[in-house]
Amino acid sequence: MIRTRLRAVGLALLLASAAPAALAQQASTAAPALPTPLTPIPAARDVAYPGVIGLEIDATNLGQHIFSITETLPVAQSGPMVLFFPEWLPGNHGPVGPITQLAGIEITANGRRVEWVRDTLSPFAYHITVPAGATELKIAMQHLSPTSGAQGRVTMTPEMLNIQWEKMLLYPAGHWSRNIMVQPTVRFPTGWRFGTALEPETKTGDVQTFKPVNLEVLVDSPVFAGLHYRQIDLDPGGRSPVRANIVADEAKSLEATDEQIQILRNLVTQMDRLYGARHFDHYDFLIAMTDKLGGIGLEHHRSSENSVDPEFFTGWATHLGDRDLLSHEMNHSWDGKWRRPADQYVPNFNSPMQNSLLWVYEGQTQYYGQVVAARSGLLTKEQAMDSLAMTAASYDYRVGRGWRALQDTTNDPIISQRRPKAWLSWQRDEDYYSEGQLIWLDVDTTIREKTGGRKSLDDFARAFYGVQDGSFEPAPYTFDDVVAALNGVVENDWAAFLRARLDAVGPDARAPLDGLERGGWRLTYGETPTAYQKTLYGEFKRNDFTYSLGLQTGENNAIRSVQWGSPSFKAGLAPGMEIVAVNGQAAKPDRLAEAVTAAKDPAVPITLIVKDGDQYRTVVLDYHDGLRYPRLERIPGTPDRLGDILTPRRR
């Protein structure tokens, strides 16, 4: 009887434990608790959306940083409809559409309110029901620019604004972006002028209406506008207009010298000589010289968004940080916009992209961005080589290669969405940019070596990007297309060459530095920084001990980074801590440098007092090899291929 009772109790417990599991299984497929059932989101079809969407932006509320939006959306039939807010943003390489900045959505039809319900699995989708007899929807809403950098990227200040259309609209699901036509109109603050790749149509007072374009072109055509504005013709008498549209916090920042303007014109000339074809009928650099508008460097087919230091022109000798930005973003007109990776060529802005070829899209652009900066005069040849030394050293010390291949970092814009990381040398980041740059230097010098200097990566660039002159239609490419084009320049096992560098991982994997030595130079280290590094880090207020102690500090002696496995790492230091004292004296960068030099004597310690939150502790660093800063050293008796790469093209 006892056994029977225990068996009954056990059965009851078993049933009780099974019930939640069964309910959980049901819950995973249950409909969400919403006021109306959700209809399926229609798949994108390559068919035209009927009518033209009207998009009106009132950009005059400068004090509160509010863009007011009125959208008129034609509809062909009543019933269920889904509207999208753009999620996967071109050039951002990830699902980063700032949907939190969209507010106040009110939809009406025939003067009556139409309620919306957000999709619970795809929260960038809004479900509505178009009432019978409606021919259009009116959508009123706001884009709320962050009012400080802590909230996100500021897009409106009292002196300037940046309209990025993808942040200020809803569009109908079920269609390719290129099949949805939109006519944009903007009310600007009185007296402001603007730059954009869009074509103006009519202007009434401060209200500018642009010609209708498809949604893909609209999102690819942002606007910079400002109180202080200057436009510079960068290709006088050229075959298609190229302009610099500059806005600034203060009018004095617009004062470019004739020499500086010529350098920007050289940039256009060197791009033309590199590629030979133009895939735009005009190109507009949008440049904000600002400490107030949020920073940006973003490519478009016929324009680019560029935020630079207010002293880009007026502090030319001491402000180097933005020098290759314009060349990088313009290069994308060919590499990334006209020719783009096939796995990024998606129907609309809510279709997931894949980033497997970003080492071409961004890595090759990083390479040519620096090369063309040197060829045009944005950087001197010496500055470009010093910059390359810093890049090479950074990746020579990128110990994260021990567990994570470069190829995997192409997923980082989706995984990390560009959030800061504490242990960059170990976690890795979007390394396909600058480690990709080193791979393309490796490719370039290999071509030059194999052909006795008769050919180079420039021949690949012209064959891959410099064809179909005047064509604007995107031309997707695959890994095999890249390999085939390289073999068209010179026969080699390029697939194996590239994969060996992209997939290198493990304790024996090393940085792709062969291109440097094949170029006639080697990475070495000296006890003083190069003039370029000293100026650049002075501008950024950084103090670099990465290759000695294994740390970098910023203002107030705060530790910005710690190299994984370095003496600082082994001593327990971490980013975010603050160095309070060096060998018993108040911390200063010079004192820390002097302590490192003195510690070349093994008997002399480096003792730090470090503040970690509200805790203080003493740290002794076991390091005695002196200061180390990267630089390039000429290899005697070898061809100076790197020097040739950085020399301006004459034709």
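Q: Which classes of residue make up the lining of the second largest cavity?

A: This is a predicted model, in which local features need pLDDT of at least 70 and side-chain atom pairs count only at pLDDT 80 or more, while totals for chains, interfaces and linings use all residues. Residues are numbered from 1 along each chain as its sequence is written, and side-chain values use heavy atoms, with hydrogens and water left out. The lining of the second largest cavity has 6 nonpolar, 3 polar and 1 charged residues. Here Ala, Val, Leu, Ile, Met, Phe, Trp, Tyr, Cys and Pro count as nonpolar, Asp, Glu, Lys and Arg as charged, and the others, Gly among them, as polar. Lys588 is one of the lining residues, as are Phe545 and Pro589.

Q: How many cavities does a search of the whole structure find?

A: Rolling a probe the size of a water molecule over the atoms shows where empty space is left. On a 1 Å grid over the protein atoms alone, a cavity is a set of points where a 1.4 Å probe fits but cannot get out, and lining residues have an atom within 4 Å of a point. Grid points are joined across faces, edges and corners, and a volume is the space filled by probe spheres set on the points. The search finds 3 cavities of 30 Å³ or more.

Q: What lines the largest cavity?

A: Its lining includes Tyr367, Met385 and Leu441, with 8 nonpolar, 2 polar and no charged residues.

Definitions and conventions: 1 Å grid on protein atoms, 1.4 Å probe; cavity = no way out; pocket = protein on both sides within 12 Å on 5 of 7 lines; lining within 4 Å.
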